[in-house]
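Here is a guided walk through a model of protein and DNA. Keep the view open as you read.

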Number of protein chains: 2
Amino acid sequence: MKSAVEPLKARRIYLLLRDRIVAGELPPGGRLPGEPALAAEHAVSRVTVRRALDLLEKEGLVQRKPGSGTFVHDSRSVRPIVADLSNVLSHLIDMGRSTDVKLLSFGYVAPSEAIADSLGLKPGERVQRSVRVRLIDGEPFSYLTTHVPEWLGLTYSEAELAARPLLELIERSGVKTERATQAINATLAGPEAAAALDLEIGSPLLTLTRIVYEPSGRGVEHLHALYRPDRYSFHMDLVRIGDDGERRWSPALGWPRAPNKTKADKAKTDKNKPGEKPTRGPRAIKQRS
Amino acid sequence: MKSAVEPLKARRIYLLLRDRIVAGELPPGGRLPGEPALAAEHAVSRVTVRRALDLLEKEGLVQRKPGSGTFVHDSRSVRPIVADLSNVLSHLIDMGRSTDVKLLSFGYVAPSEAIADSLGLKPGERVQRSVRVRLIDGEPFSYLTTHVPEWLGLTYSEAELAARPLLELIERSGVKTERATQAINATLAGPEAAAALDLEIGSPLLTLTRIVYEPSGRGVEHLHALYRPDRYSFHMDLVRIGDDGERRWSPALGWPRAPNKTKADKAKTDKNKPGEKPTRGPRAIKQRS
DNA sequence: CAAAGCTGTATTATCGATCATACAGGTTCC
DNA sequence: GGAACCTGTATGATCGATAATACAGCTTTG
């Protein structure tokens, strides 16, 4: 009666191996078990193992050498393409200037209930909806859907939106943006986002939903962002604050955001400053084994 | 030549419909197109559409009424089981006391290179590795893998770890925890995590990797957390700081940190505070059961 | 050099997912 | 009540994913 819809054995093996690699169980540069061994271990055929390895290779996690074996791609160069941001999205406005943006959709529509609700619109009010893709080095990494009230959207043109950060346009119009709330989550890539981000359909995505308010408390921008997790992630530094009973983590705000100094000073902090460093990555060191 | 390994048409349709629902295109409580209509629209058979709807129903996103239709489940009660945290993980220690924890694994092992690196261990040093699952109301929502240096792990017992937050145990041992860095990302559920979190294997997960340092700069805890996105998400309030040229968002620290429930209170916030909290919604007065 | 192990490739067979179709039973609306 | 819709269920045919096997070519090792 039941079939459980087991979504592809190859995918299962792929995920399992991927976990082992990112968890570090398989050392970078090391060779993982041969295809026949993997097939036996997971009770599948070698063809299926092969499909899993194909996926890993396509993502740059492993490298196959005919006659020799399959190796974990040691270069961390895959990861830190886009990363870091000490406090939240602090440098997005900068990125708006240093990255390419493709405007996929632009128009005025009737808002969904969720959008109208978050922007505090009256029934009947329309919104400007835009879909953009951000690229870095020609590779897409974020898929942005924004909604702004119609009266605000009319203060700039489609061409301007394609060229400048939305928040800049909003502030240019005279609207004050003081507060915002946001939520970070995860989902699977749907058809449109997958196509725009150059991904398979079931790929995982980081989501950011942000609502920007003007001082009066009215919402002026609803942003829904999807990020490729291999090209983007949220980094932050924390400090422990509070007294005994109520100690908790808090984002470290006043942080040396200038990439230049910091490193020079503490370069000699005894033996090593563990990797996983946010700002200015460990890739500067480039030590391998 | 290639077949592209299209991972299940049913999954594609499921994702597409899910996107429409969460995006609000399909109003909560509304009826979505009939199965024959959906089948025609996406050029698949009705059986396949059915499988997609099965998935949606299992997740509580839709409700099927024989003879009537399939409806978007209006109660948002599904979503905000666990949510919010104004500044990062501020209340995790509280949650450690109000939720159940299941210890799945506990032992001392040789660290992977990545772990040893982030904790600043010397070659040969061992680490304590533990895997825990956190439940709220009996439902799992997070899967935590922690690594701490052996000398630190020996200061508490397995039973203590199962009962108290790890950070509390670390601080009890006299180690000062002042700083930490963390990264938020997304992945797909592997076999172990999927089983522990009661999910399908390819499900999306929120990840949090945090490294806690003692004042000397040595790492004392490496935490890798996986969260069910439908039961957990990171919320934060932002304020805009800086002068003209360098305006950016910054986490709002001293904020009324009780966005939690209190539906009673916020009933009077009128339109001024547009909620942002998904917990609300005009017609979604909730609720079933 | 030769043996052993590996990846790359092809073949055929099997099993599950999908399709197309039909029918049963409930709901809605006229 | 009855027509028109809907979901629930079953059938057999078709297509893709997987299995089992075999072989070619390369690399490593002794």
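Two strands pair if DSSP finds at least two bridges between them. Strands (E, at least two residues) and helices (H or I, at least four) are DSSP runs, numbered from the N terminus. This is a predicted model, in which local features need pLDDT of at least 70, side-chain atom pairs count only at pLDDT 80 or more, and totals for chains, interfaces and linings use all residues. Residues are numbered from 1 along each chain as its sequence is written, chains are lettered from A and ligands numbered from 1 in the order in which they are written, and side-chain values use heavy atoms, leaving out hydrogens and water.

Start with the three-stranded sheet of chain A. It is open, antiparallel and ordered E1-E3-E2. E1(A) (31–32) and E2(A) (62–65) are its edge strands, each pairing on one side only. E1(A) pairs with E3(A) (residues 69–72) over two bridges, in the antiparallel sense. There, Arg31(A) stands opposite Phe71(A). H3(A) lies across E1, E2 and E3 of chain A and runs at about 120 degrees to E2(A). That angle runs from 0 to 180 degrees between N-to-C directions, with axes fitted to C-alpha atoms, for helices over the stretch in contact; contact means heavy atoms within 4.5 Å.

Now turn to the DNA. H3(A) gives the most to the surface near DNA strand D, four residues. A residue is near the strand if one of its heavy atoms lies within 4 Å of it. In total, 26 residues surround DNA strand D, with Ser45(A), Thr48(A), Glu35(B), Arg46(B) and Arg50(B) the closest. Of the atoms of DNA strand D within 4 Å of the protein, 67% belong to sugar or phosphate, and the rest to bases.

Which atoms of Ser45(A) and Thr48(A) face phosphate oxygens of DNA strand D? For Ser45(A), a polar backbone atom is 2.7 Å from one. For Thr48(A), a polar side-chain atom lies 2.3 Å from one. Both are polar contacts, meaning pairs of N or O atoms within 3.5 Å.

Move on to E5(A), residues 127–136. Eight of its 10 residues are buried, meaning under 20% relative accessible area (1.4 Å probe, protein chains only). Nine bridges join E5(A) to E4(A) (residues 100–109), antiparallel. Here Phe106(A) has Ser130(A) as its bridge partner. E5(A) is also joined to E6(A) (residues 139–149), by 10 antiparallel bridges. Gln128(A) stands opposite Val148(A). E5(A) and E6(A) form a hairpin with two residues between them, and Asp137(A) in the turn has a positive phi of about 55 degrees.

Terms used: Polar contact = N/O pair within 3.5 Å; in protein donor to acceptor, adjacent residues only side chain to side chain. Buried < 20%, exposed > 50% of the residue type's maximum accessible area, 1.4 Å probe, protein only.
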